[in-house]
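Here is a short walk through one structure. Keep the sequence and the 3D view side by side as you read.

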Amino acid sequence: MLSSKELKEKFSFIPDEYLDTKKLDDLFKDRFEESNKHFYHVQRDKYIGTTKNKNKINVQTIETNHNDIFAFSSIKPLNNKSQTNGKKLTVVAIGANPSGEDNSSPEEMHAANEEHPYFETTRRNLINRVTFTMDEQNKNADNKIQLGEFIQLDLFCDRTKNSGDINTADPIATIGKCNPAIINYWVSKADWLIPCWGKDPDEDLAKLENYNDFIKNDILKEYKASKKGSIYLLASDKNYPAHPNQRGLYVYIPLVPYK
């Protein structure tokens, strides 16, 4: 992870207020309070399944209202008897980009899926893998763990129907002028970090040399070296971070430690 000065040197387009850690603390401190207008608060019930029986766990969900400058959503399980009691972990995933009709707002996206009580396929598959992995680790552990908060970040801010539709012709608009700072901030707080953006976005990332270096070295490499948490992948046989919707990966198998 980078200091504020290093971030500014690498990405001169980041506004100064997003380089101030205290201001970011203030931005996210009350993120689940409806008075915080920086975030869209999903008003209807959402559930995640946590075992092979897909027990319902009710969650609170927020997403950024500023998907043109950074990509962020958070899912916090509410108290539920089906959850294991244990240390609550912050799990941070880095995906490709927000899904939905091109650059639709979070409110428009959720309104279009009003009849579905579960999350869209990508987050549902990923969270199920996360909670299944925790269940497996808890079987023989004295110190139990549970999902405290799931943070979804993305490499790119452009909302597209398919991740293969990302256009890197305008790098700042595609990345999001504040997105590197948000990734840097939340990765520093992660207990588990899961890169999961898929093949096509990995090729798009490689076209942006400076940003690719930031993600692969300043984020993944430095996080691993810090030993502050664990990095997991969805598969070990890919030369890119596998996507949750790839065939054979949305099953109940533990996540794979990143080497």
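Helices are DSSP runs (H or I) of at least four residues, numbered from the N terminus. The model is a predicted one.

Start in helix H8. Tyr 211 and Phe 214 are 3 residues apart there, so about one helical turn separates them. Their rings form a stacked aromatic pair, 6.1 Å centre to centre, with 15 degrees between the planes. Tyr 211 is buried, at 1% relative accessibility. Phe 214 is buried too, at 0%.

Lys 227 is not a glycine, yet its phi is positive, about 55 degrees. Its relative accessible area is 73%, so Lys 227 counts as exposed.

Now turn to helix H4, residues 121–138, which holds Arg 123. This arginine is buried, with a relative accessible area of 5%. Its side chain makes a polar contact of 3.2 Å with the side chain of Ser 73. The C-alpha atoms of Arg 123 and Ile 75 are 9.8 Å apart, although 48 residues separate the two along the chain.

Aromatic rings come next. The model has 16 aromatic pairs. One of them joins Phe 132 and Tyr 252 edge-to-face, at 5.7 Å centre to centre and 70 degrees between the planes. Phe 132 is buried at 8% relative accessibility, whereas Tyr 252 is partly exposed at 25%.

One aromatic cluster includes Tyr 18, Phe 28 and Trp 186. Finally, find Lys 76: it lies over the face of Phe 32, 4.4 Å from the ring centre.

Conventions
Residues are numbered from 1 along each chain as its sequence is written. This is a predicted model: local features need pLDDT of at least 70, side-chain atom pairs count only at pLDDT 80 or more; totals for chains, interfaces and linings use all residues. Side-chain values use heavy atoms; hydrogens and water are left out. Buried means under 20% relative accessible area, exposed over 50%, partly exposed in between (1.4 Å probe, protein chains only). Helices (H or I, at least four residues) and strands (E, at least two) are DSSP runs, numbered from the N terminus. A polar contact is a pair of N or O atoms within 3.5 Å; within protein, one must be able to donate a hydrogen and the other to accept it, and residues adjacent in sequence count only if both atoms are side-chain atoms. Rings of Phe, Tyr and Trp (its six-membered ring) pair if their centres lie within 6.5 Å; planes under 30 degrees apart count as stacked, over 60 as edge-to-face and the rest as tilted. A charge sits over a ring if NZ of Lys or CZ of Arg is within 6 Å of the ring centre and within 35 degrees of the ring normal.
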